[in-house]
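Dear colleague,

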Amino acid sequence: MVDCAEATQLQFMRYRFRDSRLGHIFISHSHGDHCLGLVGLLSSQSLWGRRDDINIYAPNELIDMLMPQIDFFVKNAGFNICFRPIEDAMGRPLYEDEEIEVTAFPLIHRVPCFGFLFREKPRERHIKRESIERYGIGNADDIKHIKRGGDYITPDGTVIPNQELTTPPTPPRSYAYSSDTMPNAANAELLDGVDLLYHDATYAEAEAALAEAMCHSTARQAAGFAVMCKAKKLMLGHYSSRYKTEDRLLEEAVKVFPNTVLANEGLRMEL
Ligand SMILES: [Zn+2]
Ligand SMILES: [Zn+2]
């Protein structure tokens, strides 16, 4: 999960999300609209008898503030709460497992703030069913070798090239969360070609001066950044409550980056 605002537990109930599955929480910065739900969430997990660890990735200053609150409100938790300072993992993955890697990147905001890039690791090639049948490939090690790009040698010594046995792997998918921030061109290279970019779009262009003063972005600036990092799709979010609808923000962004959507509540997006 990325960020944990006040109503997070209510939203879990509303969208029937099983919070027992939650193992890793990435908090971008120490403003209340991004972290005030965390202590309550951990307290509930403790009351409900959770046993599995929860890892919290957050800026140093936020961890310092959270620790005493968690000590006070989440006493005798039956699970470990593991704090992972983001600053300690710059230049290397913040989290990784067999399938995915999460990298933090610096944002430009009024307090230390980080975005997160979730990127799948390269996948294996698909082995064709007819190849398995034709050459009688049954050995698990052979199949593993072929999926990783290797050729197959038949029992009589004939080499069957990999291209004949496999089709290319499914391209790895990626998602970047970039809020709250002014546009930060320094991140364009890391996010190059990202499938989905969520970006701060707090203001419309008429409030550009305010966006700069508050260290936020306008929708058009978000779109400009999406162009810069060659994102495939842009999702706007973090709108100021001054706008009754976000239509204007979407209109302004679409002029610069057509494949833009609004991050409406409850939206699910397939990558
Ligand atoms: Zn903020
Ligand atoms: Zn915010």
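Is D180 buried or exposed? D180 is buried, because its relative accessible area is 1%, where buried means under 20% relative accessible area, exposed over 50% and partly exposed in between, with a 1.4 Å probe and protein chains only.

Please keep in mind that this is a predicted model, in which local features need pLDDT of at least 70 and side-chain atom pairs count only at pLDDT 80 or more, while totals for chains, interfaces and linings use all residues. Residues are numbered from 1 along each chain as its sequence is written, chains are lettered from A and ligands numbered from 1 in the order in which they are written, and side-chain values use heavy atoms, with hydrogens and water left out.

The zinc ion (ligand 1) is coordinated at 2.1 to 2.4 Å by H29 (NE2), H31 (ND1), H109 (NE2) and D180 (OD); donors are N, O and S atoms within 2.8 Å of the metal (3.2 Å for Na, K and Ca), and since water is not among the atoms, sites may look incomplete. D180 also coordinates the zinc ion (ligand 2), which lies 3.5 Å from the zinc ion (ligand 1). H109 lies in the loop between β5 (100-106) and β6 (114-120) and D180 in the loop between β11 (174-178) and β12 (196-200), so the pair ties together parts that are 71 residues apart in sequence; strands (E, at least two residues) and helices (H or I, at least four) are DSSP runs, numbered from the N terminus. H109, like D180, counts as buried, with a relative accessibility of 10% for H109.

Helix α3 (residues 38-47) is largely enclosed by the rest of the structure, because 7 of its 10 residues are buried, among them L38, V39 and L41.

Best wishes
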